[in-house]
Amino acid sequence: MTLYIVATPIGNLDDITLRAIDILKSVDLIAAEDTRHSGLLLQHLGIKAKLFALHDHNEQEKSNTLIEKLKSGLSIALISDAGTPLINDPGYHLVKACHENGIKVVPIPGACAAITALCASGLPSDKFIYEGFLPAKTKARQDYLTHLLDEPRTIIFYESTHRLLDTLNDMQTIWGADKPIILAKELTKTWETIVSFKVNELINWLNEDPARQKGEFVLIVQGHTKSEEDIDPKAIGTLKLLQKELPLKKAAAITAEIYGLKKNQLYQIGLNTEQ
């Protein structure tokens, strides 16, 4: 009586784990977002298993059926079309129902496009937020981007081929043309591409070749960084006083702790002051 949440490849089929293969071979049933799509993966792996369709349109209804099967003693694996289930894919209602019914849930980790892109982005990865897909309509999308205007953490989005340029144009409108963005497309696939631009440069790069606008996209956006003008003058004053008695690194660390700021940013301000 166990539900396994099994991550599958996001492109390169060799990215499935040995444990995932063992689980998919051993379970009684595999709940898949698209049984035809997942059937090709299982065929590649030489796995013959009974598939059960569980997608956005039937999840709430079919979750009860799967709960009853689990209660009867069956083991079930949940997979999505690609990557880790529930990350912008179906499965939330089923997993929630399992917890409510005392059914064991076991995660089988593996590929995730958001984390794959983040680790190769060159942007801060110690603190980040995942926002999935932005709203489809311009007004709602711009309102949402405005809400994130002062977000200091690295921001991860997914975007489709058809809305990519609209989204980037709205980012330019709300966040400014100089906002640093990393675009990662077709991760782990033959035409994998990871590029780093300011948003206006990225728009130009995409328009230079329409083929660049096709694929599955992850956008990694640098969080808002306060300039020296944005920082409380009292903090800068404290930093300057401490610099007279302490090494800059220590002065920046103490000032950061007092005012809740980033010590690296204060260190850079201190360097500029010394020059």
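How accessible is Tyr-130: buried, partly exposed or exposed? In the predicted model, Tyr-130 has a relative accessibility of 29% and is therefore classed as partly exposed, where buried means under 20% relative accessible area, exposed over 50% and partly exposed in between (1.4 Å probe, protein chains only). The model is a prediction in which local features need pLDDT of at least 70 and side-chain atom pairs count only at pLDDT 80 or more, whereas totals for chains, interfaces and linings use all residues. Residues are numbered from 1 along each chain as its sequence is written, and side-chain values use heavy atoms, with hydrogens and water left out.

Two sheets were examined in turn. Helices (H or I, at least four residues) and strands (E, at least two) are DSSP runs numbered from the N terminus, and two strands are taken to pair if DSSP finds at least two bridges between them. Strands of a sheet pair through backbone hydrogen bonds, in either the parallel or the antiparallel sense.

Strand E2 (residues 29-32) runs parallel to E3 and is joined to E3 by three bridges, and Ala-32 has Ala-53 in E3 as its bridge partner.

Strand E8 (residues 180-185) pairs with E9 in the antiparallel sense over six bridges, and Thr-193 in E9 is the bridge partner of Lys-185. E6 and E7, by contrast, pair in the parallel sense over five bridges, with Thr-154 in E7 as the bridge partner of Phe-128. Together with helix H6 (residues 138-147), E6 and E7 make a right-handed β-α-β unit; a crossover is right-handed if, with the strands pointing away from the viewer, the path from the first strand over the helix to the second runs clockwise. The loop between H6 and E7 holds Glu-151, which counts as buried at 12% relative accessibility. Residues up to four places away in sequence aside, Glu-151 touches Ile-129, Gly-223 and His-224.

The structure contains four aromatic pairs. Rings of Phe, Tyr and Trp (its six-membered ring) pair if their centres lie within 6.5 Å; planes under 30 degrees apart count as stacked, over 60 as edge-to-face and the rest as tilted. The ring centres of Tyr-130 and Tyr-158 are 5.3 Å apart with the planes at 70°, so this pair is edge-to-face. Tyr-130 lies in strand E6 (residues 128-133) and Tyr-158 in strand E7 (residues 154-159), 28 residues apart, and the pair thus links distant parts of the chain. Tyr-158 counts as buried at 10% relative accessibility. Phe-133 and Tyr-158 form a further edge-to-face pair, at 5.9 Å centre to centre and 70° between the planes. Phe-133 is partly exposed, with a relative accessible area of 39%. Tyr-130, Phe-133 and Tyr-158 are linked into a cluster by these ring pairs.

Backbone geometry was also considered. Most residues other than glycine have a negative phi. Asn-88, although not a glycine, has a positive phi of about 65°; Asn-88 is located in the loop between strand E4 (75-79) and helix H4 (92-100). Thr-188, likewise not a glycine, has a positive phi of about 70° and lies in the loop between E8 and E9.

Notes
Contact means heavy atoms within 4.5 Å.
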